[in-house]
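Hello,

Here is the structure I promised to pass on to you. Please have a look at it first, and then read my notes below.

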Amino acid sequence: MKLCITALLLLGATTFVSAQETPAWAKETKAQKEERMAWWTHDRFGMFIHWGIYALPARHEWVKRNEHITDEDYAKYFEHFDPDLYNPKEWAVKARAAGMKYVVVTTKHHDGFCLWDSKVTDYKVTNTPYGKDLIAPLVEAFRAEGLRVGFYYSLIDWHHPDFPLDNVHPAWTRDTEKMAAANEKRDMNRYRKYMKEQLTELLTMYGRIDELFLDFSYPGENGKGHNEWNSEDLLKHIRSLQPQIIVDNRLDLDHTDWGWDFVTPEQFMPQEWPTVRGQRVPWETCQTFSGSWGYYRDEYSWKSVHQLVVMLIETTSKGGNLLLNVGPTARGVFDDRADERLEGLARWMKFHDRSIYGCTEAPETFAVPANCMLTYNPEKKRLYIHVLEWPFKSLHLPGYKGKFKYAQLLNDDSEIKFTTNIEQGSHTTENSKAEDVILNLPVQRPNVEVPVIELFLE
Ligand code: GLC
């Protein structure tokens, strides 16, 4: 790494490096990148955790901005933050049971509050009534359960005195003169230094960090993007500290091929595998249980276990990862509604996780049967048919003849017999074609959220 940086310095003196050109420190072959991301592509499923003092108002992590709360008024949450029931071992056990393989936790959200004992600010958990670092025990607990650890870090900061006001800032006003006056003493250079120092802490104090979720850019007039963050320099610094780290695409470097590792569709399901400049790219969709990321007491738009299981299947079926969020309460626990969803996922994953891990989109040569979704494990050569609506006795697999040798239900490894010699004109096979296969299913749907049929391919 050091060598690369020196090379860049030497180069930099003579050559102009355009934004699109890969700087020397970021050079990596396609194979190297795939290798770096191999665990992530395999694991598919992670837990997002949004936690901070906004759990106290319990009405969205953007509450400060949504309600234009002043620093003085927001201080009451800092003064009352005391998660006495915090036990990250419980969280980690639940995440592992649900089949999640990594965790990404908010170390600082847009309100600027830090969950670790940062040396460069007083606005941190160790100065609240709770008084202790939250991050170290969390990292330890999740690692002990075998999960990898990632950090979310907000580029936006509504508390820092040098962060210039803009139209997403809680102190924003229509009065342009007032805005200009408020921004006069705010110095982005100092804020950039602060971010770099904080990221240095986060990437040196907790051992290997596997994913970094930087959030977010809104370039343009009155906004902030790669110029304001000095994204290239920040990313170079991050990679020098943790060369293996997997970084999201919210630094506003989407115009480059080297300034991000994966794209981040948020709170919607892409219709197909996302592409950038015509190429399929690694993607991780982040999703909530109920709409808000931080704990929201009065939100009643919770997704059902079924919807969440289908969301995980659908994400995998399009070659993506699912980062599913929990917003713990201010006492430091997951509330009942979150527990219920995690338990439902755990029940399904216990029997079906091999249709998720190591799986991706099925080759086009496999048609998707009616009311089903497909996932595919290229290494094991297995195809998984996720049956969303259980049909009566027969599942028709169009054009599957000769493509697989054995079929079973995944929840109990019970054989599924199948018909390949389709008799033309028989009254039970109606329009089926000679190259089709009919799976002979039990009439009773297996008692699982989404039944899965495993095909062992030829
Ligand atoms: C958005 C929101 C934020 C949330 C994030 C998760 O950018 O600003 O509250 O943390 O998405 O991806």
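The largest cavity holds about 100 Å³ of space. Please keep in mind that this is a predicted model. The count comes to one cavity of 30 Å³ or more. Its lining is made up of 13 residues, and Ser290, Ser292, Gly294, Trp302 and Gly327 are the ones nearest the centre of the largest cavity. Sorted by class, that lining has seven nonpolar residues, five polar ones and one charged one.

The largest pocket contains about 1200 Å³ of space. It has 35 lining residues, with Lys30, Lys33, Glu34, Met37 and Pro282 the closest to its centre. Which of the elements gives the most to the lining of the largest pocket? That is α2, with six residues. Charged residues number 13 in the lining of the largest pocket, beside 15 nonpolar and seven polar ones.

The second largest pocket comes to about 240 Å³ in volume. Around it are 13 lining residues, and those nearest its centre are His42, Gly358, Cys359, Asn377 and Glu379. Here α3 gives the most to the lining, with three residues. By class, the lining of the second largest pocket splits into five polar, four nonpolar and four charged residues.

**Two helix pairs**

A pair of packed helices is described by the angle between the two axes and by the distance between them. I looked at two such pairs.

Helix α12 (residues 305–317) packs with helix α13 (residues 336–352) at an angle of about 55°, and their axes are 9 Å apart. At that angle α12 is therefore oblique to α13. The crossing of these two helices is right-handed. On the α12 side the contact involves Val305, Leu308, Val309, Leu312 and Ile313, which meet Glu340, Arg341, Gly344, Leu345, Trp348 and Met349 of α13. The contact of α12 with α13 has eight nonpolar residues, one polar residue and two charged ones.

In the other pair, helix α9 (residues 188–204) and helix α11 (residues 231–241) cross at roughly 20°, and their axes come within 10 Å. Since angles under 35 degrees count as roughly parallel, α9 and α11 are therefore roughly parallel to each other. The crossing of α9 with α11 is right-handed. From α9, Met195, Lys196, Leu199, Thr200, Leu203 and Thr204 meet Asp233, Leu234, His237, Ile238 and Leu241 in α11. In the contact of α9 with α11, six residues are nonpolar, three are polar and two are charged.

**A residue in a loop**

Where is the place of Arg297? You will find Arg297 in the loop between β8 (284–287) and α12. Neighbours within four places in sequence left aside, Arg297 is in contact with Ala58 and Arg337. Arg297 and Arg347 are 50 residues apart along the chain, and 26 Å separates their C-alpha atoms.

Best wishes

Methods:
Residues are numbered from 1 along each chain as its sequence is written. This is a predicted model: local features need pLDDT of at least 70, side-chain atom pairs count only at pLDDT 80 or more; totals for chains, interfaces and linings use all residues. Side-chain values use heavy atoms; hydrogens and water are left out. Axes are lines fitted to C-alpha atoms, for helices over the stretch in contact, and angles run from 0 to 180 degrees between N-to-C directions. Helices (H or I, at least four residues) and strands (E, at least two) are DSSP runs, numbered from the N terminus. Angles under 35 degrees count as roughly parallel, over 145 as roughly antiparallel, 65 to 115 as roughly perpendicular and the rest as oblique. A crossing is left-handed if the near helix is turned anticlockwise from the far one by less than a right angle, and right-handed if clockwise. Contact means heavy atoms within 4.5 Å. Ala, Val, Leu, Ile, Met, Phe, Trp, Tyr, Cys and Pro count as nonpolar, Asp, Glu, Lys and Arg as charged, and the others, Gly among them, as polar. On a 1 Å grid over the protein atoms alone, a cavity is a set of points where a 1.4 Å probe fits but cannot get out, and a pocket is an open set with protein on both sides within 12 Å along at least five of seven lines; lining residues have an atom within 4 Å of a point. Grid points are joined across faces, edges and corners, and a volume is the space filled by probe spheres set on the points.
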